[in-house]
Amino acid sequence: MPVPSHTLGITKYQLFCVLVASLNSLNFGWNFGVINLPGDVITKCVAGPKHTILGLSSCLPASDIVWGLAVGAFALGALVGAISCTRYSNKYGRRAVLIYSNLIAVLAAILFGVSVNISMFVVARFLVGVAQGCANGTFTNYVVEITTPRARNTLGSMIQTSISLGMMIAQLSSLGLTNPPLWRVLFAMTGVISIISMAMLTLCVESPKWLVSKDRIDEAQSALQRLRKSADCTDEFATLVETVRAEMGPGAYTASIFDVLRGKTPDNLRHQLLLAVLAMIFQQLSGISGVSFYSTKLFGSITEPPAHYSPKPTLAQILTGILSIVGALVALIGMTMAGYFGRRTLMLFSHSSMVVCSTLISIGSIKGYNIMAISMVFVFFAVYLVGPGPLPWVIPGEMTPIYAVSAIIAVSGSIAYTLVFTIGMVFSPLLDALKGYTFLIFAATNLVAAVTFFFLLPETKDRRVSDMIRTHSVGVHNIMQRKYRTDVLAGKGKEIEEDSI
């Protein structure tokens, strides 16, 4: 007798669709990490005087401020993409938006390849940011809507894992592709990833939830059955149709960004909004964007820089490559940790650990304890990837009504991308000015984050979404009060299980 479909774990076709869709997040990671190593070759012409290769400049001279703009333009584009794509995702479908966002990335790749000045390069970074910001937000919805609750515990963290893998591949590739004219090939590779992604996505089904919202019932049932293999989908599909028609059908309420910001929603969602925003703010103020964008410069400030330029990788560049490998491995491990440890536990552990790491990085840099400073950068990056990396994208959906999830994620995501842009602009001058003292700032912000989440962040693992909404839709509150504690609620007999949709 077939088992009920909603009790399944990860099926092969679910995994296939998630992995294919995650190529967009891998591309995000590629563009996030590819900027790290070749900066001096492109803007300072350290590989030799500016000359022409196949009609194109060997370098694009620019100041540190302008290069900071090129670094941050990706985040600015991602902000535009994240805000603008929700309506297209709802209108045309999750898979369709994932496919067509890749076309923008292909256009950006062509522009990278033919840039004749830094302005063209900045525009290309902005365009690829739009593509990846759009795809990243859509990918999150797609994964939630095609997976079972048990599968979601693991696959829900795929976004951070894919980004980390993309960063690793980009930074390892950069070790051999930074010299003129190969840096153009390096940046244009985003187009190759996009073309592969578009081709593979044609083999994946559209979100059954979106299909039901468009009254394409037969297609939705067929898609769900493919995702659930040979399981009995009768109950899950009936519940899906009922839920979608109530939440997404004609006359259903959908909160806008302004509704959420002004508190004009049926439920009091101020606590959920504050948590989502703070999680993204502390994610970026933790110092991670500085490490991601400028790890080569950061390692260069700790290690002995080479006296002259060499086409061979420097120690700082090699350390950056190793850091990306460690990040990818930890992100893979983090996927399983999310299924075993609570979200609250991981967030508190990560931010607290980053306080210690940031302090030791500064001490090591100031006192000349290079091995300690370098080691702590690795630990800092690793603990980030099990908490503040993936979880700020997951938590809002686990305690917010579906009518407001997109709006809250749009607000928090916009703040995150704005901070990525800002930090991309200021981290390099900040490191030049403060040197070893820079990470003391991040020690302070991570300490504030740990204390804040201790009092505001409830545990969401293994709790029904409906229970979380009912308990915490009461305005901003201290979750350490007895009536909000998970263990007390469980003791009163509340059913603790995964939401069935």
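## Disulfide in the helices

Cys85 and Cys134 are both buried. This holds in a predicted model. The two residues form a disulfide, with an S to S distance of 1.7 Å. The torsion about the S-S bond is -85°, and the link of Cys85 and Cys134 is left-handed.

The bond connects distant parts of the chain. Cys85 belongs to helix H4. Cys134 belongs to helix H6, which covers residues 118-146.

## Disulfide in the loops

A disulfide also joins Cys45 to Cys59. Their sulfur atoms lie 2.0 Å apart. Here the S-S torsion is 90°, and the link of Cys45 and Cys59 is right-handed. Both Cys45 and Cys59 are buried.

Cys45 sits in the loop between helix H3 (39-43) and strand E1 (52-53). Cys59 sits in the loop between strand E2 (56-57) and helix H4 (64-92). The pair therefore ties together parts that are 14 residues apart in sequence.

## Pattern and other cysteines

The count comes to two disulfides. Counting bonded cysteines along the chain, the pattern is 1-2, 3-4.

Cys233 is in no disulfide. For Cys233, the nearest cysteine sulfur is that of Cys17, 14 Å away. The cut-off for a disulfide is 2.5 Å between sulfur atoms. Cys233 has a relative accessible area of 7%, so it counts as buried. Cys357 is buried too, at 3% relative accessibility.

## Nonpolar cores

How many residues does the largest nonpolar core have? It has 100 residues. Those with the most contacts inside this core are Trp67, Phe121, Phe139, Tyr142, Phe187, Phe299 and Phe380. Helix H6 supplies the largest share of the core, eleven residues. Nonpolar side chains tend to be buried together in soluble globular proteins.

Which residues does Phe187 contact, leaving aside its neighbours within four places in sequence? Phe187 is in contact with Val34, Ile35, Pro38, Ile42, Phe112 and Phe121. Phe121 is itself among the residues with the most contacts inside the largest core.

Another core lies apart from the largest one.

Methods. Residues numbered from 1 in each chain as written. Predicted model: local features only at pLDDT ≥ 70, side-chain atom pairs only at ≥ 80, totals over all residues. Heavy atoms only, no water. Helix = DSSP H or I, 4+ residues; strand = E, 2+ residues; numbered from the N terminus. Buried < 20%, exposed > 50% of the residue type's maximum accessible area, 1.4 Å probe, protein only. Core = buried A, V, L, I, M, F, W, Y, C linked by side-chain atoms within 4.5 Å. Contact = heavy atoms within 4.5 Å.
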